[in-house]
Amino acid sequence: MRKTIISDASCFIVLSNIGEMELLHNLYPEIITTPEIADEFGEKLPEWVIVSNVKDIACQQVLELQIDKGESSAIALALETPNSILILDDYKARKVAQSLNLFYIGTIGVIIKAKLLGVIPSVKPILNKMKTTNFRLSAELEREALSAAKEY
């Protein structure tokens, strides 16, 4: 069964800022997000991103007591969507997702997966472009990403 991919805004923002949104599309032909995340992204999303409302607004509101509205909406949507994977970068949101037994990956994980599946030839140029944005990429995370992508 194909996994449903639900993305928070950070992945869209950083990949858009470095001109790599197509990487995301090549890896995941269809991604779901929420209106809150679409608003946070601030640009028109590509046609392969489906915007879907959370049904359980009360669940989203409870999550908003801990994390921001976009991340809350993504997690609430994942709770309603069997067989889903979240793309989350925020540490606190990841902890909430983990506590709810949800599967997640970060933008760096998406890039590593793209390399391992042959979608891109190397993660290094993309990581270098990411470092020119406000995306937080520590030297340790960069080393781990290069190692995971088998780029020593």
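**Labels and their cut-offs**

Modeller: Start at Asn101, in the loop between helix 6 (91–99) and strand 5. This is a predicted model, in which local features need pLDDT of at least 70 and side-chain atom pairs count only at pLDDT 80 or more, while totals for chains, interfaces and linings use all residues. Residues are numbered from 1 along each chain as its sequence is written, and side-chain values use heavy atoms, with hydrogens and water left out.

Biologist: What makes a run of residues a helix or a strand?

Modeller: Both are DSSP runs, numbered from the N terminus: helices are H or I with at least four residues, strands are E with at least two.

Biologist: Why does Asn101 count as exposed?

Modeller: The cut-offs are these: buried is under 20% relative accessible area, exposed is over 50%, and partly exposed is in between (1.4 Å probe, protein chains only). Asn101 has 67% relative accessibility, so it counts as exposed.

Biologist: What does Glu151 touch?

Modeller: Contact means heavy atoms within 4.5 Å. Leaving out residues up to four places away in sequence, Glu151 touches Lys115, Pro121, Ser122, Val123, Lys124 and Leu146. Ser99 is 52 residues from Glu151 in sequence, and their C-alpha atoms are 32 Å apart.

Biologist: Take Ile112 in helix 7. How do you know that Ile112 is buried?

Modeller: Its relative accessibility is 15%, so Ile112 counts as buried. Neighbours within four places in sequence aside, Ile112 is in contact with Val123, Ala145, Ala148 and Ala149.

Biologist: Why are helix 7 and helix 9 called roughly parallel?

Modeller: Axes are lines fitted to C-alpha atoms, for helices over the stretch in contact, and angles run from 0 to 180 degrees between N-to-C directions. Under 35 degrees is roughly parallel, over 145 roughly antiparallel, 65 to 115 roughly perpendicular, and the rest oblique. The axes of helix 7 (residues 107–116) and helix 9 (residues 139–148) come within 9 Å and cross at roughly 25°. Therefore helix 7 is roughly parallel to helix 9.

Biologist: Which residues meet between helix 7 and helix 9?

Modeller: Ile108, Ile112 and Leu116 in helix 7 meet Leu141, Ala145 and Ala148 in helix 9.

Biologist: What makes two aromatic rings a pair?

Modeller: Rings of Phe, Tyr and Trp (its six-membered ring) pair if their centres lie within 6.5 Å; planes under 30 degrees apart are stacked, over 60 edge-to-face, and the rest tilted. This rule gives one aromatic pair. The ring centres of Phe12 and Phe41 are 5.9 Å apart and the planes stand at 65°, so the pair is edge-to-face. Phe12 in helix 1 (residues 9–17) and Phe41 in helix 3 (residues 35–41) are 29 residues apart, so the pair links distant parts of the chain.

Biologist: Why do Phe12 and Phe41 count as buried?

Modeller: Phe12 has a relative accessible area of 0%, so it is buried. Phe41 is at 9%, so it counts as buried.

Biologist: How do you know that the charged end of Lys3 sits over the ring of Phe103?

Modeller: NZ of Lys or CZ of Arg must be within 6 Å of the ring centre and within 35 degrees of the ring normal. The charged end of Lys3 is 5.4 Å from the centre of the Phe103 ring, and it sits over that ring.
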